[in-house]
Amino acid sequence: MPGSNCTQVTEFSLVGFTEDPVTQVAQFLLFLLTYLATILGNLGMVALIRVSPLLHSPMYYFLGNLAFVNLCTSTIITPRMLAGLLLGEKGITYAGCMVQVFTFDLFGMAECFLLATMAYDRYVAVCHPLLYPLVMSPERCSWLVTGSYLLGLTNGVGQTIGTSSLFFCSSRTIDLFFCDISLLISLSTSDTTLSLIILRTSLSLLGVSSILVVLVSYVAVISTVLSISSAEGKRKAFSTCASHLTTISIFYGALIFMYLIPRSDTSRGGDKWAAVLYAVVTPMLNPLIYSLRNQEVKEAWRR
């Protein structure tokens with residue numbers, strides 16, 4: 001329990017990347033261009049999937065929702081970071097920090113399960129093509145997407161409840177450019193047992209389970225592809241998964257580096273750029289990856 005002289009902080013300070021004004025201007029321009037590309041790319045992908053009959057299939061239905069989640073994730077983080085770089089304003093209110101925790105954990109976990117759903121979709125398409133229309137029916141797809149958002153909501157609510165029960169009496173500096181839950185827990189001056197239980201349970205039950213779905217699905221896909229006798233058949237089968245494999249490699253690689261590799265201290269320092277890759281760059285890359293590597297998307301753009 002916090003001491004009797006504890007005064008709960010009303011504002012946190014977000015540490016950026018550098019104090020050098022010239023470097024800050026360069027970073028501002030770089031992240032601004034990244035954010036604009038994220039908005040245009042993901043909104044364009046959502047609009048293209050809605051208007052193009054060529055893309056009215058389960059895979060692109062999931063991709064449209066992934067684009068929406070990417071847009072939300074980037075919007076939660078990047079505008080606040082841009083304001084800090086341009087104006088030098090590092091402060092964020094306690095309420096604003098809790099909103100970031102809730103929304104970031106909601107859409108982050110929703111993205112994990114959307115990627116897992118897309119992996120399952122590829123598994124059914126490659127390993128059981130004759131059953132694909134039945135297994136991936138419109139109703140089933142809607143339930144899978146709804147479930148992804150509900151699991152994300154569960155994660156966001158749980159993490160916010162755990163974090164809001166903490167007291168922050170002295171330390172108010174977050175060594176990152178957004179309110180990361182693990183750093184908030186490390187800053188707390190009160191008992192963090194509940195928050196750590198919620199965080200670890202979420203990572204174990206939700207995060208790891210989504211990774212396992214991806215791994216099991218692609219082990220089955222690779223096994224099926226290798227059993228195809230013709231080289232052309234293997235190429236076609238693998239091409240349907242290439243974009244998704246690229247996306248999950250970037251996303252889960254940064255996620256694992258941020259949250260699942262043990263740390264000896266409370267500072268993120270060296271892995272700020274992993275957070276940039278996870279929260280800022282990946283939402284921009286996803287529509288580019290699917291636009292450049294997917295023939296159906298390129299054909300829809302041409303039409």
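Modeller: Let us begin with a polar contact, meaning a pair of N or O atoms within 3.5 Å; within protein, one must be able to donate a hydrogen and the other to accept it, and residues adjacent in sequence count only if both atoms are side-chain atoms. The side chains of Tyr218 and His244 are joined by such a contact of 2.7 Å. This is a predicted model, in which local features need pLDDT of at least 70 and side-chain atom pairs count only at pLDDT 80 or more, while totals for chains, interfaces and linings use all residues. Residues are numbered from 1 along each chain as its sequence is written, and side-chain values use heavy atoms, with hydrogens and water left out.

Colleague: Which helix holds Tyr218, and which residues is Tyr218 in contact with?

Modeller: Helices (H or I, at least four residues) and strands (E, at least two) are DSSP runs, numbered from the N terminus. Tyr218 lies in helix α7, residues 193-226. Contact means heavy atoms within 4.5 Å. Leaving aside neighbours within four places in sequence, Tyr218 is in contact with Ala119, Arg122, Cys241, His244, Leu245 and Ile248.

Colleague: Is Tyr218 buried or exposed?

Modeller: Buried means under 20% relative accessible area, exposed over 50%, and partly exposed in between (1.4 Å probe, protein chains only). Tyr218 counts as buried because its relative accessibility is 6%.

Colleague: What do we find at Asp121?

Modeller: Asp121 is part of helix α3, residues 94-127, and is buried, with a relative accessible area of 0%. Its side chain has a polar contact of 2.5 Å with that of Tyr132. Not counting residues up to four places away in sequence, Asp121 touches Pro58, Met59, Phe62, Tyr132 and Met136.

Colleague: What does the same check give for helix α2?

Modeller: Helix α2 has 30 residues (58-87) and should span 44 Å; its end C-alpha atoms are 44 Å apart, in agreement. This helix is also mostly covered, with 23 of its 30 residues buried. Gly88, whose phi is positive, near 75°, follows α2.

Colleague: Where does α2 bend?

Modeller: The bend at a residue is the angle between axes fitted to the seven residues ending there and the seven starting there. In α2 the bend is about 35° at Thr75, and the proline Pro79 follows within four residues.

Colleague: Which residues does the "transmembrane region" annotation cover?

Modeller: UniProt positions are given in the numbering used here, feature names are shortened, and annotations may be inferred rather than shown by experiment. According to the unreviewed UniProt entry, the annotation covers residues 28-48, 60-79, 91-116, 205-229, 241-261 and 273-292. In the model, residues 60-79 are 100% helix and 0% strand, with end C-alpha atoms 28 Å apart. Residues 91-116 are 88% helix and 12% strand, and their end C-alpha atoms lie 36 Å apart.

Colleague: In what order do the strands of the sheet stand?

Modeller: Two strands pair if DSSP finds at least two bridges between them. Three strands form an open sheet in the order β2-β1-β3, with mixed pairing. Because β2 (91-93) and β3 (173-174) stand at the edges, each with a single partner strand, one side of each is left without a neighbour in the sheet.

Colleague: In which sense does β1 pair with β3, and in which with β2?

Modeller: Strand β1 (residues 11-14) pairs with β3 in the parallel sense over two bridges, and Leu14 stands opposite Ile174 in β3. With β2, the pairing of β1 is antiparallel over three bridges; the bridge partner of Ser13 in β2 is Gly91.

Colleague: What, finally, may be read at Thr34?

Modeller: Thr34 is found in helix α1, residues 21-51, and is buried at a relative accessible area of 10%. A polar atom of the Thr34 side chain lies 2.9 Å from the backbone oxygen of Leu30. Beyond neighbours within four places in sequence, Thr34 is in contact with Val280 and Met284.

Methods
Expected span 1.5 Å × (residues − 1).
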